[in-house]
Amino acid sequence: MSPSRLNADLHIHTHFSDSSLSPQDVVTQAYQNDIHCLAITDHDTVAGIAPTMELAKEYDIEVIPAIELSSCYHNKDIHILGYGFDYENIDIIEQFNVMQRERVTRMALMIEKLKAVGIDNITLDEVRSLACSDSVGRPHLARILKRKKWVKSLKEAFIRFLDEQGIAYVPKYKLSPKEAIDLIRKANGVAVLAHPMITRVDELIPRFVEDGLDGLEVYYPNISNTIIRHYTKITQKYGMILTGGSDAHGEGKDTTFIGKIKLPYENVVQLKNRISQR
Ligand code: AMP
Ligand code: ZN
Ligand code: FE
Ligand code: FE
C-alpha cells in the first residue's frame, strides 16, 4: 500500500499495564480497524512490546517500541511518552522496575484506605492478577470496584474513590518531567508530551522544550479541530514533531478504542527521522 494511505495509532496500552487487552487483542483490533503502524505505550513497563511485535508480523503491522511515564510538576500529573528508545537496555529496565515496585506499594495503601471505609473484600493479589506485570494502577482497582458492585461505572469509581479528591487516592512515585525526558533521551528515544489538551500545562511547554521535549500528542480522542490547530501551531513554533493516538485501554477506558485516532503515516516518518538522529 502507498505510504500516504497508511494509518497509525501511537498510544495503546496492554494488559501488561492497565488495559484489559492482550497483545493478540491489540493486533487483531488494529488490523480490523485499519491500523498499519502502532505503538505500545504501557505505563512504566516495556513487557508488552516484544510479544506484540512478534504477533504483529503475521498481520504486517509495524510496532514502534514506546512507554508512557508519569511525571510530576508542582503536584500536577504530567505524562511523557517515549518512542523508539532501546527498550532492552538493562539500566532503563531497572528504572522501570523501581517504578513498578512503587506502584505495588501504593496499591496496597489504596486498598487499606478502601478497607477503612468498609470496602473490605479487595486484595492486593486480586489487583495484581489483572496485570501481567507489576505495573498496577487505578484502572485495575476501578474494574474490581465495578465487578464487586461497589460502583456502577469506572467513572463513578474515580469520582468517589480514585481521583485526586477521592478518599482512596494515594499519589505515586513520580519523576520530574525533566527526569522522564532525560531517561528516554539517554536510551536514544524521542520524548513527547502526552495528551496536552487534558493535562493543560501550555505555559510549561517552552520549559519542557529546553529540557529536550521533542513533540506533542496533538491528535487524541474526543477533541475539537480548534484544539488540534492550537497544539499544531505550538509544535510549529518550537520545531517539534506531532503525534497522535487513541489511548485505548480495552475495558479500562470506555471512551476510546484502537484506531479511534488514525494518524497519517507521514507523521510516523517524521517521528522515525527524529529517532534515527539520536
Ligand atoms: P495511575 O497510573 O494508577 O495513577 O492511573 C492513571 C490512569 O488512570 C490513566 O492512564 C487514566 O487512563 C486513568 N484515569 C485517570 N483519571 C481517570 C478518570 N477520572 N476516569 C477514568 N480513568 C482515569
Ligand atoms: Zn492507563
Ligand atoms: Fe496518559
Ligand atoms: Fe495512556
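Visitor: Hi! Which residues does Thr-41 touch, not counting residues up to four places away in sequence?

Guide: Hello! Thr-41 touches Leu-10, His-11, Ile-12, His-13, Ala-66, Ile-67, Glu-68, Leu-81 and Tyr-83, with residues up to four places away in sequence left out. Keep in mind that this is a predicted model.

Visitor: Okay, and where does Thr-41 lie?

Guide: Thr-41 sits in the loop between E2 and H2.

Visitor: Is Thr-41 buried or exposed?

Guide: Thr-41 counts as buried, because its relative accessibility is 0%.

Visitor: You listed Ala-66 there. What does Ala-66 touch?

Guide: Skipping residues up to four places away in sequence, Ala-66 touches Ala-39, Ile-40, Thr-41, Ile-49, Gly-82, Tyr-83 and Phe-85. Ala-66 itself is part of strand E3, and it is buried, with a relative accessible area of 0%.

Visitor: How far apart are Ala-66 and Thr-123 in space?

Guide: Their C-alpha atoms are 30 Å apart, and in sequence Ala-66 and Thr-123 are separated by 57 residues.

Visitor: New topic, the metals! What coordinates the zinc ion (ligand 2)?

Guide: Asp-18 (OD), Asp-18 (OD), His-43 (NE2) and His-249 (NE2) coordinate the zinc ion (ligand 2), at 2.0 to 2.5 Å. Along the chain, these donors follow the spacing D-x24-H-x205-H.

Visitor: Where are the two histidines, His-43 and His-249?

Guide: They link distant parts of the chain, 206 residues apart. His-43 is in the loop between strand E2 (37-40) and helix H2 (49-56), whereas His-249 is in the loop between strand E7 (241-244) and strand E8 (263-264).

Visitor: Why does His-43 count as buried?

Guide: Because its relative accessibility is 7%, and buried means under 20%. His-249 is buried too, with a relative accessible area of 5%.

Visitor: What separates the zinc ion (ligand 2) from the iron ion (ligand 4)?

Guide: A distance of 4.5 Å lies between the zinc ion (ligand 2) and the iron ion (ligand 4).

Visitor: And what holds the iron ion (ligand 3), I mean, which residues coordinate it?

Guide: The iron ion (ligand 3) is coordinated by Glu-68 (OE), His-79 (ND1) and His-195 (NE2), at 2.0 to 2.2 Å. The spacing of these donor residues in sequence is E-x10-H-x115-H.

Visitor: Which residue coordinates both the iron ion (ligand 3) and the iron ion (ligand 4)?

Guide: Glu-68 does, and the two iron ions are 3.5 Å apart. As for the histidines, His-79 lies in strand E4 (residues 76-83) and His-195 in the loop between strand E5 (190-193) and helix H8 (196-199), so the pair ties together parts that are 116 residues apart in sequence. Both His-79 and His-195 are buried.

Visitor: What about Asp-247? Where is it found?

Guide: Asp-247 is in the loop between E7 and E8. It is buried, with a relative accessible area of 3%.

Visitor: Which side chains does the side chain of Asp-247 make polar contacts with?

Guide: One is the side chain of His-13, at 3.0 Å, and another is the side chain of Tyr-220, at 2.5 Å.

Visitor: Let's zoom out. How is the protein divided into domains?

Guide: There is domain 1 (3-88 + 174-276) and domain 2 (96-162). Their C-alpha centres lie 25 Å apart.

Visitor: How many residues of each domain are in contact with the other?

Guide: It is 20 residues of domain 1 with 14 residues of domain 2. About 1300 Å² is buried between domain 1 and domain 2, with carbon and sulfur atoms giving 58% of that area.

Visitor: In domain 1, which residues lose the most area to domain 2?

Guide: Those are Phe-16, Asp-18 and Asp-44, together 36% of what that side buries. Asp-18 is one you know from the zinc ion (ligand 2).

Visitor: How many salt bridges does the rule find across the interface of domain 1 and domain 2?

Guide: One. Arg-103 forms a salt bridge with Asp-44, and the closest N and O atoms are 2.8 Å apart. The count of residue pairs in polar contact between domain 1 and domain 2 is six.

Visitor: Last one! Which strand gives the most to the side of domain 1 that touches domain 2?

Guide: That is strand E3 (residues 62-73), with three residues.

Methods. Residues numbered from 1 in each chain as written. Chains lettered and ligands numbered in written order. Predicted model: local features only at pLDDT ≥ 70, side-chain atom pairs only at ≥ 80, totals over all residues. Heavy atoms only, no water. Donors = N, O, S within 2.8 Å, 3.2 Å for Na, K, Ca; no water. Helix = DSSP H or I, 4+ residues; strand = E, 2+ residues; numbered from the N terminus. Buried < 20%, exposed > 50% of the residue type's maximum accessible area, 1.4 Å probe, protein only. Domains from an automatic or database assignment. Contact = heavy atoms within 4.5 Å. Buried area = accessible area lost by both parts, 1.4 Å probe. Salt bridge = Lys/Arg side-chain N within 4 Å of Asp/Glu carboxyl O. Polar contact = N/O pair within 3.5 Å; in protein donor to acceptor, adjacent residues only side chain to side chain.
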